[in-house]
Amino acid sequence: MAFIENRIFDELKIGDSASIKHTLIFKDIELFSIMSGDVNPAHVDAEYAKDDMFHKIIAQGMWGASIISTVLGTELPGPGTIYLDQTLKFTAPVAPGDTVTFMVTVIDKKPEKHIVDLECKCINQNNKMVISGIATVIAPTVKVKRERIELPTATLKEPKGEWYKNLIKLKNNFAPLKTAVVHPVDQLALQGAIDAAKENLIIPILVGPKDKILAAAKVANLDISSYELIPTRHSNESAEVAVKLVRDGKAEALMKGKIHTDELLEPVVNKETGLLTGRRLSHVFYVEAPNYFKPLFLSDAAINIRPNLREKKDITQNAIDLFHTLGFGTPKVAIVCAVESVNEEMQCTLDAAALSKMADRGEITGAIVDGPLAFDNAISIESAREKNIHSDVAGYADIIIVPDIESGNILYKEMTYMSHMEAAGMVMGATVPIILTSRGSDDISRKASCAMALVYVRNKEKLNNQSDNSNK
């Protein structure tokens, strides 16, 4: 059983000291902002959060000072201590992932009012002073010893759909995406397409057996009379017709209805009449994880079964291109395996090392790529430091590249079903985006996938126009 015990004024001696060691994580900053009511955008807004220096400044002040108070109130002098004054000098920034030792040392005692001065020193993992100063307190005079209370774990959770609102903000005033919805013959698939249309994300072209689509609309109580409906006899024909609409310039995207992914993609990958670009098709999930400090991209968990090195190169580049085109900047890409070291008996680790080197040489562009990394040290600063991994990606990954479809699909479903994370998804590598969500995806995920495809297409158009103008 753990106890908390103070040292009363008469027990304190010059030179007595106590310390606490703590590793800063992003959740510490968020919790402090919630507790204090601090809504300064530099502290809590995602746009500012992209800049690590904001986190360093915030952590150095509000977090560092609070931990010093914790040492004084729980360790030395301990329970019953009354804070009078504190002068602190901040000499170096503290960033998420830094491990700081907070130490207080008794340097003076004033018996008349039981006043004690304590020197405060805070040193990071590199033995560099980050905070120093003097704290003045009234030391307790009554002995206290009691069982140490174990504090509950705090969980930060956004309201359902909040991440979707953030994604919608990216769409500006873009014109809706003309989208061929392939075989929307059940309520869920049809509802998702119509909901996206109502929010001006897509203009749906419904491709499938007319009687089945009308029956689904009746069950869902949807009026689809204003939308174009192209009748087909079966799902294979639905996919073929939808691909032709794209080739003829009548559609800008495909959206999966109630049709198997293989069946949908068969006409897409046709070498003569399909939508190939020369790059491998791959699927990218955009995942909002409540316990991670930023959105996370996951690829490939839906299409490529056991990709080889060349295919993994395309999978990685596809995810990077999507990240860039959505306007998120330069991503940090983690090539994940079961371990974080190269093992010749594990092909994944050899591929990961090769992909990292390919990025170094410019064969993969637009990102910082590192691997092999285990999943924990790809997304956990603490885990990376524990394993002494020195990497710009470890603990900060924006994109996770998995070894194969089995590991990726299991990870995605654990995220969404067990951890209740929200996800949007689309296929990259074709001439147009293919909005491909899981059959179990809810309406928000389907709309978010449409929003992602819209922003991708319209931003890509802008970039192409800028490039054409600069070449004139």
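**Entry 1: the S12 and S17 pair**

I am working on a predicted model. Strand S12 covers residues 282-288 and strand S17 covers residues 422-428. I find seven bridges joining S12 to S17, and the two strands run antiparallel.

I then asked which sheet holds this pair. I traced an open sheet of 11 strands, in the order S10-S9-S8-S11-S18-S17-S12-S13-S16-S14-S15. I note that its pairing is mixed. Strand S10 (228-231) and strand S15 (368-374) are at the edges with a single partner strand each, so one side of each has no neighbour in the sheet.

I checked which strands helix H8 (residues 235-247) lies across, and I list strand S8 (177-182), strand S9 (202-208), S10 and strand S11 (253-256). I record that H8 runs at about 140° to S9.

I repeated the check for H10, which lies across S12, strand S13 (296-299), S14, strand S16 (399-401) and S17. Its direction is at about 165° to that of S16.

**Entry 2: H10 against H11**

I examined the packing of helix H10 (residues 309-325) on helix H11 (residues 347-360) and noted an angle of about 55°, with the axes 10 Å apart. That angle makes H10 oblique to H11. I record the crossing of H10 and H11 as right-handed. From H10, the contact is made by Leu309, Lys312, Lys313 and Thr316. From H11, Cys348, Asp351, Ala354, Leu355 and Met358 take part. I sorted the residues of this contact into five nonpolar, one polar and three charged.

**Entry 3: the disulfide**

How many disulfides does a search of the whole structure find? I found one. The disulfide is formed by Cys337 and Cys348, with their sulfur atoms 2.1 Å apart. Cys337 lies in strand S14 (residues 332-337) and Cys348 in helix H11, so the pair ties together parts that are 11 residues apart in sequence. I read the torsion about the S-S bond of Cys337 and Cys348 as about -85°, and the disulfide is therefore left-handed. I also note that Cys348 is one of the H11 residues in the contact with H10.

**Entry 4: H6 against H7**

I turned to helix H6 (residues 187-198) and helix H7 (residues 210-220), whose axes come within 9 Å and cross at roughly 80°. On the H6 side I list Gln187, Leu190 and Gln191. They meet Ile213, Ala216, Ala217, Val219 and Ala220 in H7. I sorted the residues of this contact into six nonpolar, two polar and no charged.

**Entry 5: the five-strand sheet**

I traced a further open sheet, of five strands, in the order S2-S4-S5-S6-S3 and with antiparallel pairing. I identified strand S2 (17-23) and strand S3 (82-90) as the edge strands, each pairing on one side only. From one strand to the next, the twist averages 20°.

Within this sheet I followed S5 and the strands paired with it. Strand S4 (residues 99-110) and strand S5 (residues 115-123) pair in the antiparallel sense over nine bridges. For Lys109, I note Val116 in S5 as the bridge partner. S5 and strand S6 (residues 129-138) also pair in the antiparallel sense, over nine bridges. Here I find Glu119 opposite Ile134 in S6.

**Entry 6: the two hairpin turns**

I inspected the hairpin of S4 and S5, which has four residues between the strands. His114 lies in the loop between S4 and S5. Although His114 is not a glycine, I read a positive phi of about 55° for it.

I next inspected the hairpin of S5 and S6, which has five residues between the strands. In this turn, Asn127 has a positive phi of about 60°.

**Entry 7: cis peptide bonds**

I noted the peptide bond from Leu76 to Pro77 as cis, with omega near 0°. Where is the place of Pro77? I located Pro77 in the loop between helix H4 (52-74) and S3.

I also noted the peptide bond from Gly371 to Pro372 as cis, with omega near 5°. I located Pro372 in strand S15, an edge strand of the sheet of 11 strands.

Definitions and conventions:
Residues are numbered from 1 along each chain as its sequence is written. This is a predicted model: local features need pLDDT of at least 70, side-chain atom pairs count only at pLDDT 80 or more; totals for chains, interfaces and linings use all residues. Side-chain values use heavy atoms; hydrogens and water are left out. Two strands pair if DSSP finds at least two bridges between them. Axes are lines fitted to C-alpha atoms, for helices over the stretch in contact, and angles run from 0 to 180 degrees between N-to-C directions. Angles under 35 degrees count as roughly parallel, over 145 as roughly antiparallel, 65 to 115 as roughly perpendicular and the rest as oblique. A crossing is left-handed if the near helix is turned anticlockwise from the far one by less than a right angle, and right-handed if clockwise. Contact means heavy atoms within 4.5 Å. Ala, Val, Leu, Ile, Met, Phe, Trp, Tyr, Cys and Pro count as nonpolar, Asp, Glu, Lys and Arg as charged, and the others, Gly among them, as polar. A disulfide is a pair of cysteine sulfur atoms within 2.5 Å.
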